[in-house]
Amino acid sequence: MYAPYPQDDLWSDSREERRVRLKRRRRRRRALAGLAVILSFVAIASIALLLPPLLASGLGARTPETPQPAPTSPMLACDDAEEDETDEVQREQSLSSIEIPDWIDQELLDLGGSRSGEPLEEVNDLAIHYVANPGTSAAGNRNYFNDPATEVNAHFLIGLDGEIIQCVPLDEKSAATNERNRDTISIEVCHPDETGQFTDASYESLVRLCAWLCGELGLDETHLIRHYDVTGKLCPLYFVDHPEAWDAFRADVGAALASS
C-alpha cells in the first residue's frame with residue numbers, strides 16, 4: 001500500500017498557511033479599497049466646499065475695471081451751457097442795474113478808441129490808480145481818454161476838487177489794470193504834484209466812492225488793490241511809497257462802509 005510521503009503533512013500545513021495569507025491579503029485589499037473610496041469621497045467633498053470661496057477670492061483679487069463716466073446727454077450739455085449763459089447775463093444785468101448816485105457825473109466815453117464795450121463779467125476788486133500827470137483835472141483826463149488814439153481809460157476819474165466823473169459803464173471792461181481789467185472796477189485820481197499825494201477833497205471822494213461801490217458789489221476794504229499789486233508799476237505812487245497810508249486808506253473805506 002502506498003505510503004504517504006513523509007513531507008505531505010508539512011506540505012498540507014504550508015498550503016493552509018498560504019490560504020490564510022491569501023485571505024489576509026484579500027481582506028487588506030478590500031480594506032485599502034474601502035479606505036481609498038472614503039479618502040476619495042473626503043477629497044471630493046473638501047474640494048466642493050473650498051472651491052467656491054477660492055473662486056470668489058480669485059475674482060475679488062482681480063483689478064476692477066475703472067468705471068467709465070456715463071455719457072453726457074446732449075440735452076444736459078445744452079442745459080449746462082444755457083445755465084452758464086444765464087448766469088453771465090444775470091451778472092451783466094446786475095452790474096447794469098446799479099443806480100449811479102447824483103454825486104457822480106456820468107460822462108461816458110464814446111464807443112471805439114479806448115472804450116471797447118466788452119462786457120465785464122464779474123467784479124472781484126476795486127483797482128486804484130493815479131493819473132501820473134500832476135495838476136491836470138478830471139475833465140481834462142476824461143477828454144484824453146475819449147481821444148480815438150488813446151488806448152487807456154478808467155471807470156471813474158476823481159478831480160483835484162473831489163469831483164467824480166464816470167467814463168465807462170460798470171458792466172463794461174476798462175483799460176487800466178492790465179490782466180485784471182477782466183474783474184476790476186478802475187478808479188483814476190488826479191494829484192497836484194509829483195509826489196502823487198491826493199488832495200483832501202480827492203481823498204474824501206475816493207473813500208466815499210469806494211465805500212459805495214463795495215456796498216453795491218458785496219465787497220469790503222480787503223478788495224481794494226493798487227495797480228502796483230497787479231504789475232509792480234509805481235501806481236498810485238504815493239500809496240506805493242507810503243504803504244502805511246495805503247493801509248490807513250483801506251481802514252477809512254472799511255469805516256465808511258460800516259457806517260453806511
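Leu39 lies in helix α1, residues 8–61; helices here are DSSP runs of H or I with at least four residues, strands are E runs of at least two, and both are numbered from the N terminus. The model is predicted, so to speak of local features we require pLDDT of at least 70, and side-chain atom pairs count only at pLDDT 80 or more, while totals for chains, interfaces and linings use all residues. Residues are numbered from 1 along each chain as its sequence is written, and side-chain values use heavy atoms, without hydrogens and water.

Now to the aromatic rings. Rings of Phe, Tyr and Trp (its six-membered ring) pair if their centres lie within 6.5 Å; planes under 30 degrees apart are stacked, over 60 edge-to-face, and the rest tilted. The count comes to 7 aromatic pairs. One of them joins Trp103 and Trp212 edge-to-face, at 6.1 Å centre to centre and 80 degrees between the planes. This pair links distant parts of the chain, 109 residues apart: Trp103 is in the loop between α2 (74–96) and β1 (105–106), and Trp212 is in helix α4, residues 200–217.

How accessible is Trp103? Trp103 is partly exposed, at 23% relative accessible area, whereas Trp212 is buried, at 15%. Buried means under 20%, exposed over 50%, and partly exposed in between, with a 1.4 Å probe and protein chains only.

The charged end of Arg208 sits over the ring of Trp103, 4.0 Å from its centre; the criterion is CZ of Arg, or NZ of Lys, within 6 Å of the ring centre and within 35 degrees of the ring normal.

Finally, Phe198, Tyr203, Phe239, Trp246 and Phe249 form one aromatic cluster.
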